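Visitor: I would like to learn how to read a few features of a model. Please take them one at a time.

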Amino acid sequence: MAVPALATLDHSAQRGAYLASIGSCNACHTAKGGRQFAGGVKFKTDFGTLYSTNITPDTTYGIGTWDFAQFYRAMKEGVGDGGEHLYPAFPYTHFAKMDDRDIASLYAYFRTVEAQFVKNRDNAMRFPFNHRDLLYFWKRLFHDGTASPGNPQNTAHDRGRYLVESILHCSACHTPRNALGGLNEGKALQGGTYVDQVANGAYRQWAAADITGGPHGLAKWDASDIALYLKEGRNRHTVIHGPMGEVFEATKNLEEKDAAAIGIYLSEVEPAARRLDLSWLRSGIQSGERVYTVHCGTCHLPDGNGAENLGVSLRQNPLVQAKDPSTLINVILYGPELPPPPFTSNRTKMPAYGKRLSDEDIANLATYLRSSFDNNAGMVTAEQVARQR
């Protein structure tokens, strides 16, 4: 791959600082209680455990000795300074779609941050995934190093597409993956499943919602709803939940015009048709309706539209009808009590029902929600609720 000369690219460290702030670089490369960008964040995958690396200008453990060509190849090709393949937990499959000028700006910015003399932690990948050479074949299947067709300087729609596909790497969570960890591009942005570390080293499963403009996604949202959600952490339909709270720490930094562009793009994305799931017909709908009436109807109203300043609308809600119900279950179980921050007190009055309701009650309630208020999704079982406790 030909690497452009840094001097030929219109770039700036200031621009790079903005891109780093919206691209969640801090969230992935700064461990809790650790030094900024010094790495050490733990990622549990189906193939083993990974730790993010030191990306400060430290010349011993960081990237202080890297020239622009090495940085560019890491972003575009997923290779390290020694030519070794990088694991795609570092989302180079998305960063490869960035404009060369933006990659140059990121490089310039990371040369200005404070160097941290912090050693990188060793990964613990299972055999045979501990052999990086195998990633050559993975890349042949799942990595396209071309830039996003969304022009970063063109129309609002194109700008939004560029941001979603590249620096924000939304597909990393919101697109389902296959058995080899590659993205299922045929279901792009239609929701995925991931795990998040909680207290005492335990992990809890979450579902990333469908964020297309389809009926299981953001059909009830307009572009301004999406922009508000990214900037404020809530809108008339929902509030930030679960690990999306970390993403919000990045998206809140979006310039108004960029948040608006993302809203325009996502509101116009149409997914492939999803097969209707009518399995909920076999569940305890009536029982779930009773639970809803007693515990939820005051704030969310009998019609699911939500009372002003009390409950968000549940109608055609992407969180409610996500293919994987994990996030919905977590919200019912834990409300604002679940760390790390899925909620803050100024975003929701949602209480926790885990100590008030049984697994069966919560399963019936979730099933009722997923089959009512213009939602169409599968049933939830008590066993699924038990796994999320």
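Visitor: Does Asp374 count as buried, partly exposed or exposed, and at what relative accessibility?

Guide: Buried means under 20% relative accessible area, exposed over 50%, and partly exposed in between, using a 1.4 Å probe and protein chains only. Asp374 has 46% relative accessibility, so it counts as partly exposed. Before going on: this is a predicted model, where local features need pLDDT of at least 70, side-chain atom pairs count only at pLDDT 80 or more, and totals for chains, interfaces and linings use all residues. Residues are numbered from 1 along each chain as its sequence is written, and side-chain values use heavy atoms, with hydrogens and water left out.

Visitor: Which residues does a cis peptide bond join?

Guide: Phe127 and Pro128, with omega about 5 degrees. Pro128 lies in the loop between β3 (124-125) and α6 (135-142).

Visitor: Which residues touch the most other members of the largest nonpolar core?

Guide: A nonpolar core is a set of buried Ala, Val, Leu, Ile, Met, Phe, Trp, Tyr and Cys residues joined through side-chain atoms within 4.5 Å. The largest one has 54 residues, and Phe71, Met98, Leu106 and Phe110 touch the most other members. Helix α5 (residues 100-110) gives this core its largest share, six residues. Another core, of 24 residues, lies apart from it and includes Leu314 and Tyr353.

Visitor: What is His94 in contact with, leaving aside neighbours within four places in sequence?

Guide: Contact means heavy atoms within 4.5 Å. On that basis His94 is in contact with Glu165, Ser166, His169, Ser171, Ala172 and Leu183. His94 lies in helix α4 (residues 92-95) and is buried, with a relative accessible area of 5%.

Visitor: How many helices and strands does the protein chain have?

Guide: There are 16 helices and five strands. Buried residues make up 52% of the 389 residues in the protein chain. Its C-alpha trace spans about 65 × 45 × 40 Å along its principal axes.

Notes
Helices (H or I, at least four residues) and strands (E, at least two) are DSSP runs, numbered from the N terminus.
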